[in-house]
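Subject: Handover of a structure for your study

Dear colleague,

Please find below the sequence and the structure that I am handing over to you. My findings follow directly after them, and I would ask you to read them with the structure open.

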Amino acid sequence: MTVHPSLQPSIDAWTHSIEAISELVGPLVEGEWSRATDLPGWSVRDVVSHIIGLESEMLGDPRPIHTLPRDLYHVRTEFARRMELQVDVRRHHTGPEMTSELEYMVIRRARSLRNETRDPETVLRTPLNEERTLAYALRQRAFDVWVHEQDLRRALVVPGNLDSPGAQLTRDLLLMALPKVVAKDAGAPADSAVVFDVSGPLEFMRTVRVDAQGNGTIDASVSLGPAVTLAMDWETFYRLACGRVRPAAVAEQVKIDGDRPLADAVLAHFAVTP
């Protein structure tokens, strides 16, 4: 148990997901490491490499000295280049090399989290090269690891943990982004409401309300006469919000009731992760 209880939900979610990932990849044969994931250009090996790399940076390990190839079609931005470095440096590692490095990182990181004594508001530089509080950084790592756990599960066809602590933390983070998606990005009209009705392992209904000044807020109360209601299952919701799938690809899984152009605008801006 960490000194600061407010950090514990993020630590618990991270621990649950990272242990699930270790169990998933432990028995993989060499060919399974090369299976494609929903992330362009990234295999199962690449996703695990990304996790190892970022968690190692959270431990203070230096970034590798490595030159990226020029022909990586999926690397188009400086952010993508930063993320790719830890991946490409491990691209030719064998399965046993990957699992042993993952296990060693998990042991070190778990020990570090157990011994964490810094104040949650301590500012640090994250692996994304941003200055953030410790509380924010740990929450983002738990979110990232759960989403990547699901990337691996989809690639390996081993579904599970859609209602785990990491899933719940992810839901809460994604919901925080919805007011901006609806009010600013999609341009929902003043004094309107958009309802999200989500079913499945995590079931919830939220209403984003846009006030007279065009500002959005979110709550769990039922809206009478919303401009539009978007109904979908939890897996579709998180995959859209995390940019794992385009709206057109899951059109049959999303039920739209109300203003169709507004619904399309919301879905077009639904992806909130880099």
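This is a predicted model: local features need pLDDT of at least 70, side-chain atom pairs count only at pLDDT 80 or more; totals for chains, interfaces and linings use all residues.

Six bridges join strand E3 to strand E6, and these two strands run parallel.

Strands of a sheet pair through backbone hydrogen bonds, in either a parallel or an antiparallel manner. Here, five strands form an open sheet with mixed pairing, in the order E5-E4-E3-E6-E7. Strand E5 (216-219) and strand E7 (255-258) stand at the edges; each has a single partner strand, so one side of each is left without a neighbour in the sheet. From one strand to the next, the twist averages 15 degrees.

The other pairings can be followed across the sheet:

- E3 and E4 pair in the antiparallel sense over seven bridges. Val194 has Val208 in E4 as its bridge partner.
- Strand E4 (residues 204-210) is joined to E5 by four bridges, and the two run antiparallel. Arg209 has Thr217 in E5 as its bridge partner.
- E6 and E7 are antiparallel and pair over four bridges. Val228 has Gly258 in E7 as its bridge partner.

E3 and E4 form a hairpin with four residues between them, and Gly200 in the turn has a positive phi of about 105 degrees. E4 and E5 form a hairpin with five residues between them, where Gly214 in the turn has a positive phi of about 85 degrees.

**Helices on the sheet**

Which strands does helix H6 lie across? Helix H6 (residues 165-185) lies across strand E3 (192-199), E4 and E5, and runs at about 30 degrees to E4. Helix H7 (residues 234-241) also packs on the sheet, touching E3, E4 and strand E6 (228-233). The direction of H7 makes about 105 degrees with that of E6.

**A pair of helices**

Two packed helices are described by the angle between their axes and the distance between the axes. The axes of helix H2 (residues 44-58) and helix H3 (residues 78-88) come within 8 Å and cross at roughly 105 degrees. Angles of 65 to 115 degrees count as roughly perpendicular, and H2 and H3 are therefore roughly perpendicular to each other. On the H2 side, the contact involves Asp46, Ser49, His50, Gly53, Leu54 and Glu57; these meet Arg82, Met83, Gln86 and Val87 in H3. The residues of this contact divide into three nonpolar, four polar and three charged.

**The cavity**

How many cavities of 30 Å³ or more are there? The count comes to one. The largest cavity has a volume of about 40 Å³, and its lining consists of Ser10, Ile11, Trp14, Arg109, Leu113, Leu138 and Arg141. Helix H1 (8-25), helix H4 (95-114) and helix H5 (134-156) each supply at least two residues of this lining. H1 gives the most, with three residues. By class, the lining has four nonpolar, one polar and two charged residues.

Yours sincerely,

A colleague

Methods: Residues are numbered from 1 along each chain as its sequence is written. Side-chain values use heavy atoms; hydrogens and water are left out. On a 1 Å grid over the protein atoms alone, a cavity is a set of points where a 1.4 Å probe fits but cannot get out, and a pocket is an open set with protein on both sides within 12 Å along at least five of seven lines; lining residues have an atom within 4 Å of a point. Grid points are joined across faces, edges and corners, and a volume is the space filled by probe spheres set on the points. Ala, Val, Leu, Ile, Met, Phe, Trp, Tyr, Cys and Pro count as nonpolar, Asp, Glu, Lys and Arg as charged, and the others, Gly among them, as polar. Two strands pair if DSSP finds at least two bridges between them. Axes are lines fitted to C-alpha atoms, for helices over the stretch in contact, and angles run from 0 to 180 degrees between N-to-C directions. Contact means heavy atoms within 4.5 Å. Angles under 35 degrees count as roughly parallel, over 145 as roughly antiparallel, 65 to 115 as roughly perpendicular and the rest as oblique.
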